[in-house]
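Please read the following points with the sequence and the model open beside you.

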There are 2 protein chains.
Amino acid sequence: MAKQILLNAFDMNCAMHSAHGLWKHPENERYRYKELQYWVDLAKLLERGKFEALFLADVLGFYDIYRGSRDAALRDGIQAPVNDPSLIIPTMAYATEHLSFAVTVPTTYEPPYAHARRMSTLDHLTNGRIGWNIVTSFLPSAALNFGLDGVVKHDDRYEVADEYMEVVYKLWEASWEDDAVIRDAERGIYTDPAKVRPIDHVGKYYRVPGPHLSEPSPQRTPVLYQAGTSKRGREFAAKHAECVFIDAHNYESMRFYVDDIRAKAAAYGRRPEDVKVFMAANAIVGRTRAEAEEKLREYTALRSYDGPQALYGGFSGIDLAAYDRSDYLEYYASDAGQASVARYTTMSEKRMNVGEIMEENARIGGRSPLLFGSAEEVADQMQGWMENTGIDGFNLAHLMTPGTLKDMIELVVPILQERGLYKTEYAKGTMREKLFGERSRLPDRHPGAAFRGSRLGAGER
Amino acid sequence: MAKQILLNAFDMNCAMHSAHGLWKHPENERYRYKELQYWVDLAKLLERGKFEALFLADVLGFYDIYRGSRDAALRDGIQAPVNDPSLIIPTMAYATEHLSFAVTVPTTYEPPYAHARRMSTLDHLTNGRIGWNIVTSFLPSAALNFGLDGVVKHDDRYEVADEYMEVVYKLWEASWEDDAVIRDAERGIYTDPAKVRPIDHVGKYYRVPGPHLSEPSPQRTPVLYQAGTSKRGREFAAKHAECVFIDAHNYESMRFYVDDIRAKAAAYGRRPEDVKVFMAANAIVGRTRAEAEEKLREYTALRSYDGPQALYGGFSGIDLAAYDRSDYLEYYASDAGQASVARYTTMSEKRMNVGEIMEENARIGGRSPLLFGSAEEVADQMQGWMENTGIDGFNLAHLMTPGTLKDMIELVVPILQERGLYKTEYAKGTMREKLFGERSRLPDRHPGAAFRGSRLGAGER
């Protein structure tokens, strides 16, 4: 059987995630993000299309680097206002049977003890259909609101995050044995205390004695997602992530990331197939190419210009308004011929001046690749990415809600199914079982599994 | 019209909240707390009985003072394992129309910026049916897991909590104007940036520049609950709380609390009726008194002994196992002839030795008053508490799930309705409108309302 394409919807509990300007479209129901019914409808649609998961991004600050102000972001609804993503998940899980959910939570601001319980609670309530997108957070405006003087330095953030992971692994994997809760009415034992252990974590950044507050949930550790493309970020992902979410703009750079993350994972004793790679994309699909072109024209008429520059400012740290349009930004090459800043500098790998970058930012679909054309053409493009890069699937943002995903599900999915590239039935079980077909728990070769059993103890290992 | 009785259900997202030992009863469905369906069924039952709210307690630690160990608590399922309470609320709100929810969240461990967004999100998702039970937290085992060396001293905790409240009031009441989000497609303005203000809070314990991440929700500030009975706790409640939840054991002590909290509220410019008082109670109701007695016998046969002492240890800080059963505990009288320790020392106001206290702890229904008898008798008892103490209603724990609340709803509520003491229809609107009949927002005379408008600024006021 050909390798199956996995689809996630990429979204956020906010007014406007990535479809800048398209909130102005009269058919866009996006503004209903504050209503549970909006999310239930979306979840049911995705389950109809046999999507793996709804992937929820998050920020805890404002995009205020562009022109040194949050005004452009607010005016264009750029990821502000933004509500908590975890709280919408249980109701969507209640309304569906198979759809999974991946939620973004930063390690920087949430205490690990409370976070571990939240994820365990979600894993219980969703029957094991929960993933966690681990971010170390990037907006200075967020850091300030948590009493930090500024964003923690990039590499230090990952050091803190590594210890954070150690704490939550201990809580999830090691603190409660599977048979701790026995509910033995005759002997009067609800939980056998001998099977609940403190974790006694004392590290450089955290001291958490435990035990964990929650009893073991279907997956214990949620499916771990990560989205870092920097060198340190990829190192972190190779160690921890079971799914990575990557933004790249051509086959070569995507293939580089895919091969690199899998090779690095092997260095941690993991198998290449232990890491699924999802690529970010937008899609405009028509019944015909002409219909797709008509949609693109319609959307382009509504696009906004300043909002996308505000978003770029948040991701890159660069205020494009501080340059002349004819300026060229400095290009920091990284280990891979890729670049951290350059990633945000040009999609086409040709050198672009500031004005050209701004134009590119304001494109419909933003900076992610745009799958475009008739349903057949889009299916071809998806197949092309799969065959030429080694990815496992797509994290699909949506331009129009619910139109974009509906088009994908009604027009493209049947074609992919005909080609034998897309499941016609969900697999049974938890999110991890559906993705990896093994079992609900972390595989033994995952570094998090090393904390199982009695191997607990103090920080440095 | 006679004063109407308000009913809350008092519960917790855990295996066993307060019905120690009754998890052993074969008809108790309590162990299903990990399933959303359990909570949806409960919410629908409560809405059928026209309850005001489901009140959810929480702890972030273990009851490990008794015998210096968490074993007794674990063995008897005493509030452990325990899951996050906020995550079950939206689905219950989705399944109901009128029922409100009050959730316990400590000010000690949750950063105010993230907490404010969680509450705003809940207020949006429930259409304004959310309350927040403000606790300053009491378990040393919780403090340790958040990197604190021990529990913050009692009075300091309230000082921190007061500043915490200032931060969240600023975020909820002052940061976004009602007409900030305009979604003006023609002018391309989603949010008018001039109507979103930073809060620039710089205080002794918190520095939070803001702005708030969420747009204004139906109630902005959730309905504020508080449960402190200490002198400092009552001062805090008188300033902030719109509902208080009080545990007292006879008319005199309940009336003292009710009068005291209302008098203190007046000192903050509030009206006595701005504070609703709910009293903790358990209930065993039969079709006849004989039936209630039969239930009590049945439950008593299942009661546990050590678990309740563990719970007492957590609340009081006293390890009863460290004393002889014939010992008398020291009695610290407080300002009111009440006592902080004594509150946990005796329910009957007579001096009891340790053995007698332990017996009392292990009673069915624990340390809260037990409404008991035929439906008529229980209705009489409720009416008696209402008429003799000035309370507004009851926070009813349940011994058997769903039996206890079902009995209350099917047997007692119709009698109260006949007597004109209980609504036959819900009032319209948000939680605050239902309780106070005014409007969804904090009344202008509430101290939190003082932060509205442009009166923002630095900490000390």
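1. Between them, chain B and chain A bury about 6,500 Å², and 62% of that area is on carbon and sulfur atoms; buried area here is the accessible area, found with a 1.4 Å probe, that two parts lose on being put together, summed over both. The size of an interface is often given in this way, as the accessible area lost when the parts come together. In terms of residues, 70 of chain B are in contact with 70 of chain A, where contact means heavy atoms within 4.5 Å.

2. Before going further, please keep in mind that this is a predicted model, in which local features need pLDDT of at least 70 and side-chain atom pairs count only at pLDDT 80 or more, while totals for chains, interfaces and linings use all residues. Residues are numbered from 1 along each chain as its sequence is written, chains are lettered from A and ligands numbered from 1 in the order in which they are written, and side-chain values use heavy atoms, with hydrogens and water left out.

3. Across the interface of chain B and chain A there are 29 residue pairs in polar contact, with both residues at pLDDT 80 or more. A polar contact is a pair of N or O atoms within 3.5 Å; within protein, one must be able to donate a hydrogen and the other to accept it, and residues adjacent in sequence count only if both atoms are side-chain atoms. Several elements of chain B each supply at least two residues of the side that touches chain A, among them helix 1 (36-48), helix 4 (112-125) and strand 5 (181-184). The largest share of that side, eight residues, comes from helix 4 of chain B. Helices (H or I, at least four residues) and strands (E, at least two) are DSSP runs, numbered from the N terminus.

4. What are the residues on the side of chain B that touches chain A, by class? They divide into 37 nonpolar, 16 polar and 17 charged, with Ala, Val, Leu, Ile, Met, Phe, Trp, Tyr, Cys and Pro counted as nonpolar, Asp, Glu, Lys and Arg as charged, and the others, Gly among them, as polar.

5. Side chains of opposite charge can pair when their charged atoms come close. A salt bridge is a side-chain nitrogen of Lys or Arg within 4 Å of a carboxyl oxygen of Asp or Glu; the structure holds 78 of them over all chains, and the count between chain B and chain A is eight. One pair is B:Glu110 with A:Arg118, whose closest N and O atoms are 2.7 Å apart. Another is B:Arg117 with A:Asp58, where the closest N and O atoms are also 2.7 Å apart. This pair crosses from helix 4 of chain B to the loop between strand 2 (53-57) and helix 2 (71-75) of chain A. Both B:Arg117 and A:Asp58 are buried, in a scheme where buried means under 20% relative accessible area, exposed over 50%, and partly exposed in between (1.4 Å probe, protein chains only).

6. Within chain A, A:Asp178 forms a salt bridge with A:Arg220, the closest N and O atoms being 2.9 Å apart. A:Asp178 lies in the loop between helix 6 and strand 5 and A:Arg220 in the loop between strand 8 and strand 9, so the pair ties together parts that are 42 residues apart in sequence. A:Asp178 counts as exposed because its relative accessibility is 54%, whereas A:Arg220 is buried at 6%.

7. The unreviewed UniProt entry lists A:Asp58, A:Thr104, A:His154, A:Tyr158 and A:Ser230 under "binding site"; such annotations may be inferred rather than shown by experiment. A:His154 counts as partly exposed because its relative accessibility is 31%, while A:Tyr158, at 5%, counts as buried. Leaving aside neighbours within four places in sequence, A:His154 touches A:Ser230 and A:Arg232, and A:Tyr158 is in contact with residues including A:Thr136, A:Ser230 and A:Phe236.

8. Lastly, some backbone details deserve a look. The peptide bond from A:Gly210 to A:Pro211 is cis, with omega near -5 degrees, and A:Pro211 lies in the loop between strand 8 (207-208) and strand 9 (223-226) of chain A. A:Arg183, in strand 5 of chain A, has a phi near 45 degrees, a positive value in a residue other than glycine.
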